Amino acid sequence: MAKLRTRKHEVVLNRSAGGDAGITVILAIFGLFMFIPMYYTVIQSFKPLHELFYFPPRFYVVNPTLENYALLFNLMGDSWVPFSRYIFNTVLISVGGTFGNLVLSSIAAYALAKIDFPGGKRIFWLIRTSLMFSATVGGIVNFITMSALGWFDTYWAVIVPAWCSSLGLYLMKQFMESNISDAVLESARLDGASELRTFWSIAMPMVKPGWLTLIVYSFQGLWNSGSSSFIYSEQLKSLNYAIGQILAGGIVRQGAGCASTVIMMMVPIIVFVVSQSNIIETMGSSGMKD
């Protein structure tokens, strides 16, 4: 009988040392390929304007400078709309849209995955089918809907559509089906817990990796979203739109563009770094048996 391998008094997968080394090397190579674009973006932001156009591109800075960031903040200060307003708009849309998407997707996913009701499978089939179509397909219908609701030039025109993400619903349903035991839910119901209490106190903690992943995905999409076709007022535009307007000045502003790219990607990366340790931890401990 093969002897189980242990590490820190815990049983680990019974692979050879060579297998572990091979997997480590492969993961390191893939990690390097994912790290290089971020590294190059940061390096570009510290290059003087003439170094940005060297060919072939250089992965180092000869004369590092902060002029690109200084130019970016000067351009921000010259905007007739306070730049803090663009930041407020983006934070409000990102947080509001992510929160609503998480709540509605989780409740709907719980009903589809763990409550047997007529038409449930057909509804989920429609949700899966909707994933095949681009959001552009529903552009006319969305325009008519926003007009009827009177939501043009309001935050609701961006926040509410983010709540209805079929991908978020699909993700949460798959997590609930695979990680939540029906026996556990039945025990909670027999103990007198309401369906809402069962969902909030039993189901949601068991699918923590799912909703943390959904938060990262949804927040990143909303944070990086540009101008909405339903918002015309400059006071309601997003930060990404404002930076795009700044960069429309041509080649002379390419350095500021690199600096703005670094600033824009910092927030989603911070959200991911804060969440990823919890995602990995809960994925490793969320498996249950009936």
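Trainee: Is Ser218 buried or exposed?
Mentor: Buried. This is a predicted model, and in it Ser218 has a relative accessible area of 8%. The cut-off for buried is under 20%, so Ser218 counts as buried.

Trainee: Which helix does Ser218 lie in?
Mentor: Helix H10, residues 208-223.

Trainee: And what does Ser218 touch, not counting residues up to four places away in sequence?
Mentor: Gly97, Thr98 and Asn101.

Trainee: New topic. How many residues has the largest nonpolar core?
Mentor: It has 19. Tyr110, Met172, Met176, Ile180, Phe199 and Val207 have the most contacts inside it. Helices H3, H4, H7 and H9 each give two or more residues to this core. H3 gives the most, with five.

Trainee: What does Ile180 touch, sequence neighbours up to four places away aside?
Mentor: Its contacts beyond that range include Lys114, Leu185, Ala203 and Val207.

Trainee: Now pockets. What volume has the largest pocket?
Mentor: About 1300 Å³. The largest pocket is lined by 42 residues, and Ala135, Asn142, Pro161, Ala162 and Cys164 lie nearest its centre. H5 supplies the largest share of that lining, six residues.

Trainee: How do the residues of that lining of the largest pocket divide?
Mentor: Into 22 nonpolar, 19 polar and one charged.

Trainee: What about the second largest pocket, what volume has it?
Mentor: About 350 Å³. The second largest pocket has 13 lining residues. H12 gives the most to that lining, with seven. By class, the lining has nine nonpolar, four polar and no charged residues.

Technical notes. Residues are numbered from 1 along each chain as its sequence is written. This is a predicted model: local features need pLDDT of at least 70, side-chain atom pairs count only at pLDDT 80 or more; totals for chains, interfaces and linings use all residues. Side-chain values use heavy atoms; hydrogens and water are left out. Helices (H or I, at least four residues) and strands (E, at least two) are DSSP runs, numbered from the N terminus. Buried means under 20% relative accessible area, exposed over 50%, partly exposed in between (1.4 Å probe, protein chains only). Contact means heavy atoms within 4.5 Å. A nonpolar core is a set of buried Ala, Val, Leu, Ile, Met, Phe, Trp, Tyr and Cys residues joined through side-chain atoms within 4.5 Å. On a 1 Å grid over the protein atoms alone, a cavity is a set of points where a 1.4 Å probe fits but cannot get out, and a pocket is an open set with protein on both sides within 12 Å along at least five of seven lines; lining residues have an atom within 4 Å of a point. Grid points are joined across faces, edges and corners, and a volume is the space filled by probe spheres set on the points. Ala, Val, Leu, Ile, Met, Phe, Trp, Tyr, Cys and Pro count as nonpolar, Asp, Glu, Lys and Arg as charged, and the others, Gly among them, as polar.
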